[in-house]
Amino acid sequence: MAKRAKPAAKRSASPTKLPKVGAGELVTLLDFVRYAVSRFVEARLVFAHGTTDPVAEAAFIVCEALHLHPDQFESFATARVTAAEGKKILDLIARRVTTRKPAAYLVNKIYMRGLPFYVDERTIVPRSFIGELLDQHFGGDGDEEAGSLITEAGAVESVLDLCTGSGCLAILASRNFPNAAVDAVDISKDALEVAARNVGDYGLEDRLTLYRGDLFKPLNSKRYDLIISNPPYVDAQGMAGLPRECRAEPKLAFDGGADGLDIVRRILDEASAHLTPQGGLLCEIGRCRPQLEAAYPHLPLLWLDTEDSEGEVFWIAATDL
């Protein structure tokens, strides 16, 4: 689900035509990043799709055009760009400004925890905090002082990802829990087609099963050691004010009803019937914490923070449900 969008500083209205770039005026990767940042700020673009500011978005686009991993940008920042490469970069910058589509749709790629995933308009652009939390609190490569919410990652034998979208969180979970069978559910046939492509790209067909259906319904009575979910949680006011970038994404992946909790309530109310006694639920709800705590005042929800979020993801053990 979408995190809060971060617009660039307000300047003039979005230009209808970008300024012409003469031959040799932009030379290095840094030159193209600077030019992109200027155009993005000028156009007042919104950043909420894997990058959170115009500089990071510009670097992402430049690297994708040059077939570089984002981590390689600094190594090649002062390298010269060929004329053909420069034309490709400028085309992507222009399309980002004029269409207002998320950059991930323009290059059909997004990175989570350093891993590339395929995305297109059939699914929301993934940008969940849960991947970071899996590393921090559930094994993986996180800080041991952060504390583990599951005794041993290797002991987790079953994981469920609800509202899986493009399948990124399910794939990350399969890496964090090497002995687990992972199920992933989504109601959207289109999203599951994207998820199937990502599952195939990572060779996880034998460990990760995709289900189409409404939350727990296609799973019958199956139980899991861990349930993760990044469900739709945008309230009615938020839906009315979605920026153009977010309106390019499937509405189904955003709309959480009047107060944003329609799907979250169902997950909380039904999760206990699908958790093992030692299991738990990890769920992202954006800025709905006040509404959720008011609706479930007696639930001992543990709120987990990340580098870029505070109080947007909760954990609750099966015994507390």
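This is a predicted model: local features need pLDDT of at least 70, side-chain atom pairs count only at pLDDT 80 or more; totals for chains, interfaces and linings use all residues.

Biologist: How many bridges link strand β8 and strand β9, and in which sense do they pair, parallel or antiparallel?

Modeller: Strand β8 covers residues 224-229 and strand β9 covers residues 275-284; they pair in the parallel sense, over 5 bridges. In general, strands of a sheet pair through backbone hydrogen bonds, either parallel or antiparallel.

Biologist: In what order do the strands of the sheet come?

Modeller: The order is β7-β6-β5-β8-β9-β11-β10, which makes an open sheet of 7 strands with mixed pairing. At the edges are β7 and β10 (302-306), each of which pairs on one side only. Ignoring direction, neighbouring strands of this sheet are turned against each other by 20 degrees on average.

Biologist: And what joins β6 to β7?

Modeller: Strand β6 (residues 181-186) and strand β7 (residues 208-212) run parallel and are joined by 5 bridges. Within this pair, D183 stands opposite T209 in β7. Together with helix α8 (residues 189-201), β6 and β7 make a β-α-β unit, and this unit is right-handed.

Biologist: Let us return to C283. Is it buried or exposed?

Modeller: C283 has a relative accessible area of 0%, so it is buried.

Biologist: How many disulfides are there in the whole structure?

Modeller: A search of the whole structure finds 0 disulfides.

Biologist: Now the helices. At what angle do helix α6 and helix α7 cross?

Modeller: Helix α6 (residues 130-137) and helix α7 (residues 168-176) cross at roughly 10 degrees, and their axes come within 10 Å. They are therefore roughly parallel to each other. Their crossing is right-handed.

Biologist: How do helix α2 and helix α4 pack?

Modeller: The axes of helix α2 (residues 54-65) and helix α4 (residues 83-99) are 9 Å apart, and the packing angle is about 135 degrees. α2 and α4 are therefore oblique to each other. Here, too, the crossing is right-handed.

Technical notes. Residues are numbered from 1 along each chain as its sequence is written. Side-chain values use heavy atoms; hydrogens and water are left out. Two strands pair if DSSP finds at least two bridges between them. Helices (H or I, at least four residues) and strands (E, at least two) are DSSP runs, numbered from the N terminus. A crossover is right-handed if, with the strands pointing away from the viewer, the path from the first strand over the helix to the second runs clockwise. A disulfide is a pair of cysteine sulfur atoms within 2.5 Å. Buried means under 20% relative accessible area, exposed over 50%, partly exposed in between (1.4 Å probe, protein chains only). Axes are lines fitted to C-alpha atoms, for helices over the stretch in contact, and angles run from 0 to 180 degrees between N-to-C directions. Angles under 35 degrees count as roughly parallel, over 145 as roughly antiparallel, 65 to 115 as roughly perpendicular and the rest as oblique. A crossing is left-handed if the near helix is turned anticlockwise from the far one by less than a right angle, and right-handed if clockwise.
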